[in-house]
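Student: Could we go through this structure together? I am new to it and would like to begin with the helices.

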Amino acid sequence: MQINNLKVEYRKNPLGIDNLRPRLSWQIQSDDRNQHQTACRILVASEKKIINCDQGDFWDSGKINTDKSVNFAYQGKSLSSQKRYYWKVKVWDKNNSPSQFSSTGWWEMGLLKKNDWQAAWIGARTTEKGPNASIVNFLRDNFANSESLNKKISQKTPALYFRKTFSLKEGLTRARIYSTALGLYRIYVNGQKISRNLLTPGWTDYNFKLQYQTYDVTNYLQPGKNVVGIIAGDGWYAGNIAHVGPFQYGTAPALLVQLSIQYRNEQTDFIVSDNTWRVTTGPIIYSDLLLGMAYDACREIKNWLETNFEDNYWPKAVIKSGLFTGQLTAQQEPPIRTAELLKPKTIKKISSRSYLVDMGQNMVGNIKLKIRGKRGRMVALNYAERLDENGQLYTANLRSIKQQDLYIIAGNGEELFAPFFTYHGFRYIEITGYPGSLTVNKITGCVIYSMMEKTGHIKTSSSLINKIQENILWTQKGNSLSVPTDCPQRDERLGWLGDGQIFSKTASFNMNTVCLYEKWLADIALTQQPEGALCSTAPPVTGIPFGVPVWGDAAVIIPWIIYKIYGDKSIIQKNYSGMNRWMEYKVENSKNYIGPDYGFGDWLSLNDENRTSNPENDNYSGSTSKTLINTAYLAYTAHLMFRMSKFLNEPKKVSYYQDIHLKVKNAFNKSFVADNGRITDDTQTAYILALKFDLLTNKQRKLALDQLIKKLKQKKLHITTGIVGTGFLLSVLSENGYSDLAGRILKQKSYPSWGYMIEQNATTIWERWDGFTEQWGFQNPDMNSFNHCALGAVGSWFYEYLCGLRNADHSGGFKNIIIDPHPSAGITKAEGVFKSSYGTIKINWEKQKNDFLLSALIPVNTRARVYLPIKAHSRIYEGKKLLEKIKNINLSEQKKDKYIYHTGSGNYKFRVHNPERKL
C-alpha cells in the first residue's frame, strides 16, 4: 500500500491556519482488492530532521487500531503561533501488515493570540471626495440616468496607495506577511505582486469578524533596502452592497500588516503598519464591486514600487485606533483567483465609437483589454448577460446599477486595462470610445471564483444532459466568491441561505465546497439573535428578514450535507448549539406544530398557465402555501437533528427531536392530507415535499405519488416547481420507481424546462423558468437573473441516481458507498467521477441490446453495495468469470429486479447478460 494526498484542514501544506486541533487526512492506494486500513501511526515534529528520523516530538500517536483516515484530529502538544509542523503517517492493511511511512507534509500556524499582532490599523487622513471631472462629464454626456449613477460615484473614495521602505541584514531564513484590510487589498514586495488572490480578504460581517492572510515572502526580499507597496479599495467594507448602498461598515479602506523576518541567528524583526508608512491616491479613481472600476492612467505613479522612489511628499498614514474590535481569524475559504481565460466568440462594430463583444459564455469576472490611443481619451466598458430584442445590451435586470468600467488612456504606447477591485456577471460587453480596431487578440475574459477543486464529472449519451451539467457548473463558479451568492450581476449578490442550502448537495458533488461552507456557516452563526432567529442572508444586510423557515434551515441542512459528502462530524459539533437554538425558535413560532404563514414560499414557482404572473404584477412566492412548506421543513429538519444528535451521543436531544418529528408529521397529515392522498394545495411542490420528507402513511404515499404523476402528465411532463420543490423532484421520482419519467422531464426542450433555457442560448442556469420566453419576452426585471444556482439543484440527481453514487444511510464521506445506477429515458450510457475524501470513485454504465455493463472504481478503505439490474434468466459476470465464482463479492440481497452485492475496494467490470430466450 502507498499513502498519498496528505491534507491538513482540507489543504495540502497550508500556510497560516488557526485551528488548534487541525484535521489530518490521507488516502491509500493499492492494487489489491478489498484493501483497507486496520491501524495507523501519526508522527508530528517541530523540525524536518526529526520527522526524517521517523520521530515525532510533538505527537507520536503510536499504533492506533482504527480505520479512520479522514479528518483525524491532531492530539499532540500545544501548537504555537507562526510555527511550522511536519507530519507523516503509516498504516496497517487488512492483513495487519504495515506500510512504509508516507512522504512528509507540513502545516504552519498563523497568529493565534491577539497580542501576537504588533501592527496597528492605518489609513489615510483625508481622501478625495470623488472622481475627477473627466469621468463625471463622460457619464453625463453618454449615459441615460447618469445623475443617479453620478451621485453614487461621488460617494466613492479613490483607492489608497500605501508604501513602506525598510532595510534587512544578511542571513534571512524566513519571512511571512500577515495582513488584512477593511476593504480589499493587493500587496507588492520589491515591485512584485506576491499573490494571485483577488478580492482579498473576502466578505465577513466586519462588526464581528475579519479574515487575515499569510504570505511566504522569503524569496521576495533581499539584504539591504526593500519596499512594500499596497493598494487598498473599498470592497464590501465601504463600497456598495446590494440595495443598501455604500458605507455599511465604514467609509474608507484601512490596513493591518505585519512582516515577520527571521535570521540564521534566530533573531526576529518585525515591520508593521504604523504611522511611518506613506499613503496617497493614484490612478484608481474609484473601485466598487457593483459599479465597477474607473482607472485614469494619466495619474499613474511611476516607479512607486521601486526602493529608490522618493515618497517624502506622500502624506504619512494615520493610525486608526479602535477601528476594528472584532475577531481576526485565518482565512477559511479558498482564495478567489482568475481560474480560466476566455477569448471572445464574436466582435461586432456597432457604431463609429462602439464595439459589441460576445464572450460566448455567461461568466463572472473581468476583462483584460489592450489599448493604444491618445492621452486623455476615455474608454467605457458596459456589461450585460443578454441582448434585448434590438440587439443591444439588456441591462434592465441590473436594477439600480450599471456594470461599468472606465479607463482614461495615458498615451504611452500599448496599455493594458485589467480591473481587479471589482467583478461583473456578463456575456456581452459594449466597448465605447475604443481607439483603432478591436480584435480578438486584444481582449481576454478573466473568469474568477473561489478556487475550489473540481471533484465531480458527469458525461452521458445525452448531449442535452451534458449541457445542463455544464451550465450548472458555470453557475456554481460564478456564484462562489467568498460566500455562496444568489447572483453575480445585479444590485444584490448576497449569500441567501435558501438558495445556498438548496444547491449545497449539487455544489459539493461538483467541487470541494467544505472550506467555503465552513466559513459561511460561521457567517450564518454570527447572524443568530438571542431568541434563535437567523438572518436570511449571511453576512447580514439591512432590510433582510430574520427567522424565515427554509432559508434559516441552512444552519441545519448544510452541516448535514457536509457530513454526508465529506464525513466531517466536527462541522456538526461546531454548529450544534446554534442548530438547537434555531430549532427551538422554529418550534416556538409554530402553532400546534404547523409552520407559520411567513417567508418566501416556493420562490418563483409557476402557476397553471406556466407563468408566475404577468410581468407587471409578479408576486414571486407561488401557489404552494407557506404554512405547508414550513411545516414540511420543520419535520425534515427535526429528523436531521434526530440523526445528528444520535451520532453525537445526545440522548435527550434524540428523544426530543424524535418526538417533534412525530408530532409535526401527525399535524401535517391532519391539516394538509386527505384520505385519498390528495394534498390541500394540490401543487407539484406539495406532493414532492410530502413524499421526500416521508410525511405520509404507506397508503397515502402511493396515492400522493399517483397524484404527482397525474399532475406531471397534465403538464405534459413540464415543471411548475420553484426553488424549494425543484431540487427534490427527480429524486422523488427515482426513489419511487419512476427514473424513466425523471429522465423524460429532464430531456424536455419546450417551455418550461432546463432544455428550454438552453434552446434560448443559456450557458448558465436562470433564476426562473420564464426569465425569457418566445411568447412573453423578458420577465419582470426586478427579479430576472440569468445566472442563479437554485434551479441547478437538479445536478445532484445526475450523481446520485443517473450514475448511481450515494452514501449508505448510516455513513458519511462515502466510507460506505451505494452504486445503484438508474438508466432513464433513452439514455444509453453515463459516466460519473467523484473525488471523495478516500479517493476517486468512478462509475461507468452502458445499456446494450442484451447486456448491461457497469464498471466501478472503489477507493481503498471503503466498501460498496453494488446494485445490478437482472431479469429472470440473467447471467452476471465480473471480468470474464461468472460473478458467483468470485470470492469477496457477496450477494447480500435480492429484490424484484436487482441483485445487491457487497464488495470492498478495487476496480470492477460487471456484465449482466440478458439472453433473448431462456437458456
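**Helices, rings and loops**

Tutor: Helix 10 (residues 626-647) has 22 residues and spans 32 Å from its first C-alpha to its last, close to the 32 Å expected at 1.5 Å a residue. The expected span is 1.5 Å times one less than the number of residues. Helices (H or I, at least four residues) and strands (E, at least two) are DSSP runs, numbered from the N terminus.

Student: What kind of model is this, and how are residues numbered?

Tutor: This is a predicted model, in which local features need pLDDT of at least 70 and side-chain atom pairs count only at pLDDT 80 or more, while totals for chains, interfaces and linings use all residues. Residues are numbered from 1 along each chain as its sequence is written, and side-chain values use heavy atoms, with hydrogens and water left out.

Student: Back to helix 10, then: why is it described as largely enclosed by the rest of the structure?

Tutor: Helix 10 is largely enclosed because 16 of its 22 residues are buried. Buried means under 20% relative accessible area, exposed over 50%, and partly exposed in between (1.4 Å probe, protein chains only). After helix 10 comes Asn 649, with a positive phi near 60 degrees.

Student: How many residues of helix 12 are buried?

Tutor: In helix 12 (residues 684-692), 8 of the 9 residues are buried. Among them are Gln 684, Tyr 687 and Leu 691.

Student: Which helices do those buried residues pack against?

Tutor: They pack against helix 10, helix 11, helix 13 (698-714) and helix 14 (723-735). Contact here means heavy atoms within 4.5 Å. Just after helix 12, Asp 694 has a positive phi of about 55 degrees.

Student: How do helix 9 and helix 11 cross?

Tutor: The axes of helix 9 (residues 569-588) and helix 11 (residues 651-672) come within 13 Å and cross at roughly 35 degrees. Axes are lines fitted to C-alpha atoms, for helices over the stretch in contact, and angles run from 0 to 180 degrees between N-to-C directions.

Student: Which residues meet there?

Tutor: Tyr 576, Asn 580, Met 583, Glu 584 and Val 587 in helix 9 meet Lys 653, Tyr 656, Tyr 657 and Ile 660 in helix 11. These residues divide into 6 nonpolar, 1 polar and 2 charged. Ala, Val, Leu, Ile, Met, Phe, Trp, Tyr, Cys and Pro count as nonpolar, Asp, Glu, Lys and Arg as charged, and the others, Gly among them, as polar.

Student: New topic: how many aromatic pairs are found?

Tutor: The whole structure holds 55 aromatic pairs. The pair of Phe 509 and Tyr 799 is stacked, because the ring centres are 4.7 Å apart and the planes are at 5 degrees. Rings of Phe, Tyr and Trp (its six-membered ring) pair if their centres lie within 6.5 Å; planes under 30 degrees apart count as stacked, over 60 as edge-to-face and the rest as tilted.

Student: Where in the chain do Phe 509 and Tyr 799 lie?

Tutor: Phe 509 is in helix 6 (residues 497-510) and Tyr 799 in helix 17 (residues 795-802), 290 residues apart. Phe 509 is buried at 1% relative accessibility, and Tyr 799 is buried with a relative accessible area of 1%.

Student: Finally, where is there a cis peptide bond?

Tutor: The bond from Thr 200 to Pro 201 is cis, with omega near 15 degrees. Pro 201 lies in the loop between strand 13 (192-193) and strand 14 (209-216). Another cis bond joins Tyr 751 and Pro 752, with omega about -5 degrees.
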